[in-house]
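Visitor: I would like to learn how to read the packing of helices in a structure like this one. Could you take me through it slowly?

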Amino acid sequence: MSMFQRTAIALARSPGVGRAMRAMAARTPLAARFVGGADVDAAVRTAVRLREAHGIRASLFYLGEYVDDPEAIEHNVAQAVGACQALDLAGLDVHVSVDPTAIGYMRDDALGQANARRIGLAVRRPVGLGRDWMVLDMEDSSICDRTCALHRELLQAGVPAGLTLQAQRRRTPEDLAWAIRQRTSLRLVKGAFPERALDHHGRARIDQAYLDAASIMLSREALQSGFQPVFGTHDDRLAGVIMEMARERGWPPQAFEFEMLYGVRPDWQLALRRLGYNVRVYLPFGGDWWPYAVRRVGENPRNAWLLARTLTSDQSYFG
């Protein structure tokens with residue numbers, strides 16, 4: 001991990017800096033770049049604009065993670081359920097992303113599972129129809145097994161649940177072997193900040209692990225089972241290989257998606273749409289934007305100017 005990344009993580013985790021930034025303004029340049037709105041109504045308006053103007057879909061995510069306070073947990077769940085309802089009313093995909101640690105898994109697994117069912121059932125539409133899903137985000141290794149188990153339990157209960165897997169994790173091919181036989185949606189990401197004992201290391205090795213996992217997701221067995229691959233990547237080199245792999249194996253462009261973070265590489269998002277591919281953005285909303293936005297800076301030093309602009313601007317700039 002670079003010094004720049006360590007600095008970004010320290011800023012993200014600093015309660016004092018976070019309070020100062022939120023007090024400075026509800027919408028700074030940093031927040032506006034990476035966050036879709038302060039509340040669900042603003043996020044849905046952003047999602048409608050993306051869909052109508054560019055044909056880009058959205059997965060709404062309420063900002064809040066690693067909480068064990070019962071009131072905070074209930075608030076997070078209510079926001080996710082509200083997002084499902086608002087998306088439905090707007091005529092958009094009912095698609096939300098959920099951190100297990102935001103909905104009860106820091107307190108009690110049974111509580112987290114019950115809350116996940118509440119959110120998944122708010123999607124309302126049957127498993128395997130359309131592009132309506134509650135997708136479980138993958139967090140750190142301490143909750144990996146529990147997240148995969150939750151995904152299986154939700155599918156068995158008929159809840160339209162998807163899952164995120166990290167290509168850098170050595171166990172991912174084993175997790176995929178089960179998932180591709182299900183009518184589910186699976187988002188593949190590279191993963192951030194590898195753990196020495198559990199993960200692949202080095203860009204070249206992680207890129208190859210990503211393509212190895214993509215090959216499993218684009219197998220004939222996956223296509224026949226109704227599995228829906230989602231490739232979470234901003235890397236056009238990897239996307240090019242995936243597009244060629246899909247063509248060779250008979251996967252039509254509408255049968256899978258590319259997913260990117262809202263505000264990251266919008267030029268590439270539009271280029272993929274012009275090529276006829278499905279594109280979705282991971283669209284966070286809420287007031288606790290600071291940790292999320294600074295992590296995006298840590299992942300890509302080219303975004304550092306946004307951080308500097310935020311930290312050096314006074315209140316009048318945001319008018």
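Visitor: How do H9 and H11 run, roughly parallel or roughly antiparallel to each other?

Guide: Two packed helices are described by the angle between their axes and the distance between the axes. Angles under 35 degrees count as roughly parallel, over 145 as roughly antiparallel, 65 to 115 as roughly perpendicular and the rest as oblique. The axes are lines fitted to C-alpha atoms over the stretch in contact, and angles run from 0 to 180 degrees between N-to-C directions. Here H9 (residues 203–217) and H11 (residues 236–248) pack at about 25 degrees with axes 11 Å apart, and are therefore roughly parallel. This is a predicted model, in which local features need pLDDT of at least 70 and side-chain atom pairs count only at pLDDT 80 or more, while totals for chains, interfaces and linings use all residues. Residues are numbered from 1 along each chain as its sequence is written, and side-chain values use heavy atoms, leaving out hydrogens and water.

Visitor: Which residues of H9 and H11 meet?

Guide: Contact means heavy atoms within 4.5 Å. On the H9 side the residues include Arg203, Asp207 and Tyr210, and on the H11 side they include Arg237, Leu238 and Val241.

Visitor: At what angle do H8 and H9 pack?

Guide: Helix H8 (residues 172–179) packs against H9 at about 10 degrees, with the axes 10 Å apart, so H8 and H9 are also roughly parallel to each other. Thr172, Pro173 and Leu176 of H8 make this contact with Ala213, Ile216 and Met217 of H9.

Visitor: Which residues of H4 are buried?

Guide: Buried means under 20% relative accessible area, exposed over 50%, and partly exposed in between, with a 1.4 Å probe and protein chains only. In H4 (residues 40–54), the buried residues are Val40, Ala42, Ala43, Val44, Thr46, Ala47 and Leu50, and what covers them includes strand E1 (57–62), helix H5 (70–89) and strand E8 (278–285). Helices (H or I, at least four residues) and strands (E, at least two) are DSSP runs, numbered from the N terminus.

Visitor: Is glutamine 228 buried or exposed?

Guide: Glutamine 228, which lies in strand E6 (residues 228–232), has a relative accessible area of 13% and is buried. Its side chain is joined to that of tryptophan 133 by a polar contact of 3.2 Å. A polar contact is a pair of N or O atoms within 3.5 Å; within protein, one must be able to donate a hydrogen and the other to accept it, and residues adjacent in sequence count only if both atoms are side-chain atoms.

Notes. Expected span 1.5 Å × (residues − 1).
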